[in-house]
Amino acid sequence: MPENIAPLPDFTRWPSFPFEGDMRVKPLADPVEVEPPRSGEDAADCVACNTPDESYIWVSERWRVRAMDRPTGLPMVLILECRSHLDIGDLPNLLAAELGVMTVRLERAVRSLDGVARVHVNRWGDGSAHLHMWFLARPYGRLQLRGTFLTLWDDILPVIPEQQWRENLAHVAAWLAEFGGKAIAEPPHIQWESPSTITYTDTEPAEQPAAPPPAEVPQPNTLNDVNRQQSPVDGPISESIPTQRTAQDPGATSTPQAQAPSHS
Ligand SMILES: [Zn+2]
């Protein structure tokens with residue numbers, strides 16, 4: 001099997017490569033004659049088009065931003081979608097221009113979070129047909145996580161505390177709302193019980209208005225879930241690029257107003 005004796009590529013020796021030990025290259029599967037349709041090629045079956053605004057952290061007339069359904073290893077993983085059922089190459093000029101603005105704006109919003117050094121912006125598009133751009137925050141100081149393998153590290157790192165995750169979501173939503181649209185995610189409510197009576201739950205704090213949606217709404221759980229099953233989102237449209245800026249939006253005179261690793 002020639003495939004199995006292929007030398008390992010150089011990247012397996014990069015400091016950022018998450019694995020060590022004995023490995024071998026997988027045999028390459030034969031190419032298919034005709035590729036299968038992606039998830040949601042038809043708008044009627046599209047998860048994005050059929051997911052309500054309440055499942056997002058911020059929405060506007062033409063764009064929506066959502067999170068995974070639970071915290072993961074990275075400080076923040078977000079997905080930017082247009083409401084129109086389009087892929088990136090099909091965007092009309094207005095949406096194409098706004099995509100640039102939204103990408104810059106969401107990158108700034110995520111980078112403004114405490115402990116975030118860099119925001120990786122990715123678009124794969126192999127899983128779901130509806131345009132979805134991934135924004136992945138790399139923790140400050142974690143040089144080992146720099147670059148290509150960040151999406152893998154997301155599933156390896158210890159999960160960040162849910163409270164912090166919800167605060168981060170609310171922060172990003174509020175930041176985006178400064179330029180228009182509506183913030184959906186809210187800061188977690190403070191629990192006033194005395195320490196001795198606090199009940200800790202690892203997963204779903206009973207009342208957290210913020211974030212993502214309950215199970216009935218099909219949506220990506222985490223990056224890896226997406227890779228495994230592929231699920232994205234999208235919906236309707238409207239909103240224009242704001243012409244005025246605020247102190248938070250460093251862009252110059254024309255700054256207007258952000259699915260992923262495993263990305264598919
Ligand atoms: Zn769609």
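**Figure 1. Pairing of strands E3 and E5 in the predicted model.** Strands E3 and E5 run antiparallel and are joined by four bridges. Within this pairing, Ile 79 has Trp 134 of E5 as its bridge partner. The coordinates shown here and in the following views belong to a predicted model. E3 itself is mostly covered, six of its six residues being buried. Val 77, Ile 79 and Glu 81 point one way from the strand, whereas Leu 78, Leu 80 and Cys 82 point the other way.

**Figure 2. The open sheet of six strands.** The strand order is E4-E5-E3-E2-E1-E6, and the pairing is antiparallel. The edges are formed by E4 (116-122) and E6 (182-183), each of which pairs on one side only. Helix H1 (residues 93-111) packs on the sheet, where it touches E2, E3 (77-82), E4 and E5 (133-139). The direction of H1 makes about 155° with that of E4. In the chain as a whole there are four helices and six strands, which follow one another from the N terminus as β-β-β-α-β-β-α-α-β-α.

**Figure 3. Strand E2 and its two partners.** On one pairing, E2 is joined to E3 by five bridges, and these two strands run antiparallel. Ala 67 has Leu 78 of E3 as its bridge partner. On the other pairing, E1 (residues 58-59) and E2 (residues 63-67) are antiparallel over two bridges. Here Trp 58 stands opposite Val 65 of E2.

**Figure 4. Helix H1 and its buried residues.** H1 has 19 residues and reaches 27 Å from its first C-alpha to its last, close to the 27 Å expected at 1.5 Å a residue. Its buried residues are Glu 98, Leu 99, Val 101, Met 102, Arg 105, Leu 106, Ala 109 and Val 110. These buried residues pack against E2, E3, E4 and E5, and also against helix H3.

**Figure 5. Helix H3 and its surroundings.** The end C-alpha atoms of H3 are 22 Å apart, in agreement with the 22 Å that its 16 residues should span at 1.5 Å a residue. Among its buried residues are Trp 165, Leu 169, Val 172, Ala 173, Trp 175 and Leu 176, together with Arg 166, Asn 168 and His 171. The buried residues of H3 pack against E1, E2, E3, H1 and E6. The C-alpha atoms of Ala 174 and Trp 58 are separated by 8.2 Å, although the two residues are 116 residues apart along the chain.

**Figure 6. The largest nonpolar core.** This core has 43 residues, and those with the most contacts inside it are Ile 57, Leu 78, Val 110, Val 172, Ala 173 and Leu 176. At least two core residues come from each of E1, E2, E3, H1, E5, H2 (150-153) and H3 (162-177). The contribution of H3 is the greatest, at seven residues. Beyond its neighbours within four places in sequence, Leu 176 is in contact with Trp 58, Val 65, Arg 105, Leu 106, Ala 109, Gly 181 and Ala 183. A second, separate core of five residues includes Cys 46, Val 47, Cys 49 and Ala 129. In soluble globular proteins, nonpolar side chains tend to be buried together.

**Figure 7. Ser 39 in the segment before E1.** Ser 39 belongs to the segment that precedes E1. This residue counts as buried because 22 C-beta neighbours lie inside 10 Å, where 20 or more are required. Of the 264 residues of the chain, 39% count as buried.

Figure 8. The average pLDDT of the chain is 81, and 70% of the residues score at least 70. Over residues 203-218, pLDDT stays under 50, and the model has 30 contacts beyond four places in sequence for this segment. Over residues 230-261, pLDDT likewise stays under 50, and the corresponding contacts number 110. Where pLDDT is low, the predicted coordinates should not be read in detail.

Terms used:
Residues are numbered from 1 along each chain as its sequence is written. This is a predicted model: local features need pLDDT of at least 70, side-chain atom pairs count only at pLDDT 80 or more; totals for chains, interfaces and linings use all residues. Two strands pair if DSSP finds at least two bridges between them. Two residues are in contact if their C-beta atoms, placed from the backbone, lie within 7 Å. Axes are lines fitted to C-alpha atoms, for helices over the stretch in contact, and angles run from 0 to 180 degrees between N-to-C directions. pLDDT is the predictor's confidence in each residue, from 0 to 100. A residue is buried if 20 or more other C-beta atoms lie within 10 Å of its own, exposed if 12 or fewer, and partly exposed in between; C-beta atoms are placed from the backbone. A nonpolar core is a set of buried Ala, Val, Leu, Ile, Met, Phe, Trp, Tyr and Cys residues joined through C-beta atoms within 7 Å. The expected span of a helix is 1.5 Å times one less than its number of residues.
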